[in-house]
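Please read the points below alongside the sequence and the coordinates. They are the notes of a colleague going through the model.

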Amino acid sequence: TDLLFYPPAGNPATLAGIIADESAGGAPVVVLWMRHCVCPLCTKHVKAMLKLQLEVDFKLVVVGGGTVQQAAEFANEVGLNKRDMWTDPLRKTFAAVGFAKNLAAPAKLFPLKNVLEKFVQVNAQEAGDPWEVFQLGGAAVVLEGNRIAYLHKDDYAGDFAKENEISKLCA
């Protein structure tokens with residue numbers, strides 16, 4: 001897609017450009033779309049993917065729905081190279097790929113009180129959609145020739161792509 005991603009440092013880029021740069025060495029590219037840069041479940045998932053990356057050769061590209069500053073802070077928190085962290089503040093790429101906004105998604109894991117508190121927190125941020133608490137993400141594995149070998153669309157918060165599936169495709 002030609003929709004722009006924004007990095008913590010540097011110039012905006014397209015998804016096609018990022019994948020072309022990352023796949024230049026021949027390794028598969030795993031693109032993770034997180035619900036948001038402050039999502040604790042997403043933090044755990046990205047850390048698990050970084051650990052998997054030590055065992056299996058792939059390039060990891062992470063896209064969050066927050067601000068550029070939140071993306072930089074997230075990259076620092078999880079130990080991700082800032083050049084591999086991107087943000088799509090308006091979540092246009094989320095929509096282009098077909099990731100859903102599910103009003104019940106957070107409620108499957110958290111009590112309603114927590115969901116409402118998160119809604120208020122997100123609504124108070126400088127940039128962003130107040131409904132982003134309901135945004136779902138997913139993952140794609142892109143192989144040589146820009147072939148999408150795997151696409152996972154989260155059904156609810158915490159429904160992430162399975163590490164063993166990604167590992168098999170990237171091995």
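1. Basis. The model is predicted, and local features need pLDDT of at least 70, side-chain atom pairs count only at pLDDT 80 or more, while totals for chains, interfaces and linings use all residues. Residues are numbered from 1 along each chain as its sequence is written, and side-chain values use heavy atoms, with hydrogens and water left out.

2. Salt bridges. The count comes to three, where a salt bridge is a side-chain nitrogen of Lys or Arg within 4 Å of a carboxyl oxygen of Asp or Glu. One of them joins Glu22 to Arg83, with the closest N and O atoms 3.3 Å apart. This pair links distant parts of the chain: Glu22 belongs to helix α1 (residues 15-22) and Arg83 to the loop between α3 and β5, 61 residues apart. Helices (H or I, at least four residues) and strands (E, at least two) are DSSP runs, numbered from the N terminus.

3. Accessibility is classed as buried under 20% relative accessible area, exposed over 50% and partly exposed in between (1.4 Å probe, protein chains only). Glu22 is buried at 6%, and Asp84 is buried at 12%, whereas Arg83 is partly exposed at 48%.

4. Lys162 and Asp159. The side chains of these two residues form a salt bridge with an N to O distance of 3.8 Å. Lys162 is partly exposed, at 38% relative accessible area, while Asp159 is buried, at 9%.

5. Asp88. The side chain of Asp88 does reach the backbone nitrogen of Lys92, at 3.0 Å.

6. Positive phi angles. Arg91, placed in the loop between β5 and α4, has a positive phi of about 55° although it is not a glycine. Arg91 is buried, with a relative accessible area of 4%. Asn146 is another residue other than glycine with a positive phi, near 60°. Asn146 sits in the loop between β6 (138-143) and β7 (147-153).

7. Aromatic rings. Rings of Phe, Tyr and Trp (its six-membered ring) pair if their centres lie within 6.5 Å; planes under 30 degrees apart count as stacked, over 60 as edge-to-face and the rest as tilted. The count comes to two aromatic pairs. The rings of Phe94 and Phe99 have centres 6.2 Å apart and planes at 70°, so this pair is edge-to-face. Phe94 is buried at 0% relative accessible area, and Phe99 is buried at 6%. Together with Trp33, Phe94 and Phe99 form one aromatic cluster.

8. Helix α3. In this helix (residues 68-78), the buried residues are Gln70, Ala71, Ala72, Phe74, Ala75 and Val78. Their cover includes α2 (40-53), β4 (59-64) and β5 (85-87), contact here meaning heavy atoms within 4.5 Å. After α3 comes Gly79, with a positive phi near 80°.

9. Glu73. This residue is in helix α3 and is partly exposed, with a relative accessible area of 44%. The side chain of Glu73 makes a polar contact with the side chain of Gln69 at 3.0 Å. A polar contact is a pair of N or O atoms within 3.5 Å; within protein, one must be able to donate a hydrogen and the other to accept it, and residues adjacent in sequence count only if both atoms are side-chain atoms. The C-alpha atoms of Glu73 and Cys37 are separated by 8.3 Å, and the two residues are 36 apart along the chain.

10. Cysteines. How many disulfides does a search of the whole structure find? The search finds zero, a disulfide being a pair of cysteine sulfur atoms within 2.5 Å. Cys42 is buried, with a relative accessible area of 1%, and Cys170 is buried at 7%.
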